[in-house]
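My notes follow the display.

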Amino acid sequence: MQGLKAAAPLLIRRCGNYKKSNLSHSSLPHFLQHSRSLSSSPPTEDDFENQVLVEDKANSRSAILNRPTALNALNTNMGAKLLEFYKAWEKDSNVGFVTLKGSGRAFSAGGDIVNLYHLMNQGKWEACRNFFGTLYTFIYVLGTYLKPHVAILNGITMGGGTGVSIPGTFRLATDKTVFSTPETLIGFHPDAGASFFLSHLPGHLGEYLALTGEMLNGAEMIACGLATHYTNSEKLGLVEHHLGKLVTNDPSVIETSLEQYGDLAYPDKTSVLYRIEMVDKCFSHDTVEEILDALERGAAETNDPWCSSTLRRLKEASPLSLKVALRSIQEGRFQTLDQCLVREYRMSLQGISKQISGDFCEGVRARMVDKDLAPKWNPPSLEQVSEDMVDRYFSPLSESEPDLDLPTKQREAFT
């Protein structure tokens, strides 16, 4: 592949239909290093009040995810507060645009899956349902927001953290940004709108990221279109100060301001973006088995260590989750954001119900609770994952469990 100075614009052009209105890889232990600090203890009342902070600016509002010791892991309370704030700001003529950032070293490491794990084990199904419903509804509101939105992705941005940022107008990445959707490694599937935005990445990069859970840095996010702007982290204070003084609701003015403090960044030579042709060759297949076969052929024919490391990564994941995640990305390519969120809501409730498999509870137990790092997947192999099991993830919920009801009649569809 040509140098990334030439390749990056090509990748961005290939990703240009992602939103019409605007616009170093780590191993599993690295992900676990980030994740082990997630809190599993219930927050106090004072914590609840301060889990999302608000800063009033001249003509904007800034929401701050404020659970730094839990890497700003998202819970139902945070989703509800974001919904409340964003709806009020959308109607407020004194608010021209909105920014969202995280406190501490993370934007957001994703949903608070440890708390979700405990809720499930306590039989609190309604609380689990509210968790997904509230966060997914906020993501839809963000994706259809009538005012410009700037997400400042300085630090860890994983799982649900990508969902509450990527659908917005602008995504500012830095040299400290770490992006990942690592759900297959805990027996789940990339959710929170991931099947929409991953499926709209260049070629089959989305399938690669969804199945492996591998990480991208800020420069890679810019190159593939996940981020719209890049700034070195030491300049973030200047960026935020400048944005705070702006009196505008014009996206072009905000974009010019972000570009004013922008820095050039290109992925290094080890980046997966240098292997985009190999990614497409291996991950364009219809089944996980065919993807593994293609990687094995690639490893044998080219002796490329990337093929071997990707194979090892896939073999760490839940076999059932791999098949569910692949189908989810494939379907997301032909759906709108709201359709993806409604489908992912079905999948998420099916996935935690234990009626198909207990892989989610087992994955969280092994990687986040007991931390023995030895999940016992059920089924344990791809060969034992039936088509019926995968189909059930995508099946409508029962009459007592209605589908997610998004305000699609009140908001313009996101395509």
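I began at strand S8 (residues 178–180), which runs antiparallel to S9 and is joined to it by two bridges. I looked up one partner: Phe179 bridges to Leu216 in S9. The model is a predicted one.

Next I traced the sheet around this pair. It is open, has four strands in the order S4-S6-S8-S9, and its pairing is mixed. At the edges I found strand S4 (106–108) and strand S9 (216–217); each has a single partner strand, so one side of each lacks a neighbour in the sheet.

I then turned to another sheet. This open sheet has six strands, ordered S1-S2-S3-S5-S7-S10, and again the pairing is mixed. Its edge strands are S1 (52–56) and S10 (229–230), each pairing on one side only. Inside the order, I checked S2 (residues 60–65) against S3 (residues 97–102): they pair in the parallel sense over six bridges. Ile64 has Lys101 in S3 as its bridge partner.

Helix H15 came next. It covers residues 305–316, twelve in number, and spans 17 Å from first C-alpha to last, close to the 16 Å expected at 1.5 Å a residue. Which residues of H15 are buried? I listed Trp306, Cys307, Thr310, Leu311, Arg313 and Leu314. Seen down the axis, the buried residues of H15 fall within an arc of 160 degrees, so they line one face of the helix. The face turned away from that buried side carries exposed Pro305, Arg312 and Lys315. At the start of H15, I noted a side-chain oxygen of Asp304 within 2.9 Å of the backbone nitrogen of Trp306.

Last, the rings. I searched the whole structure and got eleven aromatic pairs. For Tyr86 and Phe138, the ring centres are 4.9 Å apart and the planes stand at 90 degrees, so I logged the pair as edge-to-face. Tyr86 is in helix H4 (residues 76–91) and Phe138 in helix H6 (residues 125–143), so the pair ties together parts 52 residues apart in sequence. Both Tyr86 and Phe138 are buried.

Tyr136 and Tyr345 have ring centres 6.4 Å apart and planes at 75 degrees, so this pair is edge-to-face. Tyr136 lies in H6 and Tyr345 in helix H17 (residues 337–352), so parts 209 residues apart in sequence are tied together. Both Tyr136 and Tyr345 are buried. I also placed Tyr136 and Tyr345 in one aromatic cluster with Phe131, Phe132, Phe188 and Phe360.

Technical notes:
Residues numbered from 1 in each chain as written. Predicted model: local features only at pLDDT ≥ 70, side-chain atom pairs only at ≥ 80, totals over all residues. Heavy atoms only, no water. Pairing = 2+ DSSP bridges. Expected span 1.5 Å × (residues − 1). Buried < 20%, exposed > 50% of the residue type's maximum accessible area, 1.4 Å probe, protein only. Arc of directions from axis to C-beta. Polar contact = N/O pair within 3.5 Å; in protein donor to acceptor, adjacent residues only side chain to side chain. Phe/Tyr/Trp six-rings, centres within 6.5 Å; stacked < 30°, edge-to-face > 60°.
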